[in-house]
Amino acid sequence: MKFKNILILLVFIILFFIIGLFYDTEYRILTRTLVSQIANYDLIFYGGKEFRFFIPDFGFILTLIPIGFYIITKFKNSVKTTFISVLFFISLLILYYFFFCYLESQIIKYTTVADNKNIYYYHHSNVNYRLIAFLSIVASLISEYFLLYIRKDRIQT
């Protein structure tokens, strides 16, 4: 491995970590909104205002993206396949994110008691934000790895 490749990987890891530090609160708001909108029942989150400044949870999880891409780029030979792979990863990431938000809404439904108006109340800090992000990134990287591996085997035979 060349020093230049290691330096580029390190820069991207630091960049994604910084992005995760700054956008952690927005990610939590998006996830909470999506879980409540995707639920097939009435779900209301309660709790006080969140004050989270530079909490590294989401930043550490986002560092999986450049590390995973570094591992996956061993399969690519051209710029066209790299571009297609990035688009494929983004679409898989969105699909898995929706899927895991839906699973979280179903977990909330079956672990929380509804009130007399059939409304589920859930505290916003109990949502598994880190697990949703982690599983979405890892599942999309693994899916892309295996699909590229299968495609590579078909091209060689």
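Biologist: Is I18 buried, partly exposed or exposed, and what is its relative accessibility?
Modeller: In this predicted model, I18 counts as partly exposed because its relative accessibility is 37%, which lies between the 20% limit for buried and the 50% limit for exposed.

Biologist: Where is the place of I18?
Modeller: I18 belongs to helix α1, which covers residues 3-22.

Biologist: And how far apart are I18 and G59 in space?
Modeller: Their C-alpha atoms are 6.4 Å apart, while 41 residues separate I18 and G59 in sequence.

Biologist: Turning to helix α4, which of its residues are buried?
Modeller: Helix α4 runs over residues 64-72, and its buried residues are I65, P66, G68, F69 and I72.

Biologist: What about aromatic rings; how many aromatic pairs does the structure hold?
Modeller: There are 10 aromatic pairs in the structure. One of them joins Y96 and F100, whose rings are stacked, with 6.2 Å from centre to centre and 20° between the planes.

Biologist: Where do Y96 and F100 both lie?
Modeller: Both belong to helix α5, and they are four residues apart, about one turn of the helix. In general, an α-helix has 3.6 residues a turn, so residues three or four places apart point the same way.

Biologist: What kind of pair do Y145 and F146 form?
Modeller: Y145 and F146 form an edge-to-face pair, with centres 5.5 Å apart and an angle of 75° between the planes. Y145 counts as partly exposed at 29% relative accessibility, and F146 counts as partly exposed at 48%.

Biologist: Which residues do ring pairs link into a cluster?
Modeller: The cluster consists of Y27, F58, Y97 and F98, linked by ring pairs.

Biologist: One more topic, the backbone. What is the phi of N118, positive or negative?
Modeller: N118 has a positive phi of about 60°, although N118 is not a glycine.

Biologist: And where is the place of N118?
Modeller: N118 is in the loop between helix α5, residues 79-111, and strand β2, residues 119-123.

Notes
Residues numbered from 1 in each chain as written. Predicted model: local features only at pLDDT ≥ 70, side-chain atom pairs only at ≥ 80, totals over all residues. Heavy atoms only, no water. Buried < 20%, exposed > 50% of the residue type's maximum accessible area, 1.4 Å probe, protein only. Helix = DSSP H or I, 4+ residues; strand = E, 2+ residues; numbered from the N terminus. Phe/Tyr/Trp six-rings, centres within 6.5 Å; stacked < 30°, edge-to-face > 60°.
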